[in-house]
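User: I am new to this structure and would like to go through its rings and its nonpolar cores. Could you take me through them step by step?

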Amino acid sequence: MREITYREAIKEALIEELERDDQVVIMGEEVAHYNGAYKVTEGLLDRFGDKRIVDTPISEAGFIGLGIGASMLGMRPVMELMFWSFSYVAFDQIVNNAAMVRYMSGGLINVPIVIRGPANGGTNVGATHSHTPENFIAYTPGLKVVCPSNAYDAKGLMKMAIRDNDPVYVMENTLLYGQTWEVPEEEYIIPLGKADVKREGSDLSIVAHGRSTITALEAATKLAEDGIEAEVVDLRSIRPLDIDTVLESVGKTNRVLLVDENKPFCGVSSQISHMIQLEAFDYLDAPIRRVTSIDSPAIYSDPLEKEQLPNPARVDKAARALLEEVSV
């Protein structure tokens, strides 16, 4: 099977959906003439023209509002944020409009908009460009959040997000754009809210999403050298959340390690931990452990930022500590 990059997989999804549905448009800062800040939209202006690939001013609140209005009139806009960290200036549009319109209209008006772009840290771009905001977005009823960990998932989830009738937020990861995975040439979609077991195991469950899944898989490979078999569950979607696949894994391994680039306080792993202890407490042979980002703003220094984020060494250490614990 061919291998393509995470960036190319997202671009393929956009092209296929632009060709399938003439109501799909792409808007954002530098998406047309500059080909996108991370070149995801390279060549789309020449292929689809300036009516469907539209550059916007540097005004996130303005162009996200424009996209919401267009979606209410039947279009399916895909809005690119240069960094997800910039979404905060558009939170009134995201939280008070995109999330609430269908509810406040009694189900009469849908908002089929996709907002996508790079999130997370790891590229030494400092505190204001390295946020991991999926927990902020997923907190709000009415919004859907997906975090693809590889090129195959990125393409299938993006196509499904564009076809969804609710606002969907796609958190891509800057560090993954240039990495390659096997992706079939034939068309496929991945349902939102369906987790995937990326590696089978029997000794502990490692639950992750986005790039943390890659970190978890690297740690699991290292653990296997010492005979420790970790099962890695990739959530894929934060909301809707496939807790059943997580609970099934917990019932199999009886120990859980959550890996999450959110900060520890009120992060995604906080919610997952609550749901596991509520639904699968009797299966647990040890307390749930977490590996999260260290609770501080992102650090410019490359070695310090690498230590701040979840990394295979921290996951390996936490997994071994988890296996030594016994509940009383």
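The questions below turn to aromatic pairs and then to cores.

Analyst: This is a predicted model, in which local features need pLDDT of at least 70 and side-chain atom pairs count only at pLDDT 80 or more, while totals for chains, interfaces and linings use all residues. Residues are numbered from 1 along each chain as its sequence is written, and side-chain values use heavy atoms, with hydrogens and water left out.

User: How many residues apart in sequence are the parts that the pair of Tyr6 and Trp181 ties together?

Analyst: Rings of Phe, Tyr and Trp (its six-membered ring) pair if their centres lie within 6.5 Å, and planes under 30 degrees apart count as stacked, over 60 as edge-to-face and the rest as tilted. Tyr6 and Trp181 form a tilted pair, at 6.4 Å centre to centre and with 55 degrees between the planes. Helices (H or I, at least four residues) and strands (E, at least two) are DSSP runs, numbered from the N terminus. Because Tyr6 lies in helix H1 (residues 6-20) and Trp181 in strand E8 (residues 180-182), the pair ties together parts whose separation in sequence is 175 residues.

User: Which residue does Lys39 lie over?

Analyst: A charge sits over a ring if NZ of Lys or CZ of Arg is within 6 Å of the ring centre and within 35 degrees of the ring normal. At 3.6 Å from the ring centre, Lys39 lies over the face of Tyr34.

User: Is Tyr6 buried or exposed?

Analyst: Buried means under 20% relative accessible area, exposed over 50%, and partly exposed in between (1.4 Å probe, protein chains only). With a relative accessibility of 0%, Tyr6 counts as buried.

User: How many residues are in the largest nonpolar core?

Analyst: A nonpolar core is a set of buried Ala, Val, Leu, Ile, Met, Phe, Trp, Tyr and Cys residues joined through side-chain atoms within 4.5 Å. In the largest one, Ile64, Ile115, Tyr169 and Ile276 touch the most other members, and the number of residues in this core is 40.
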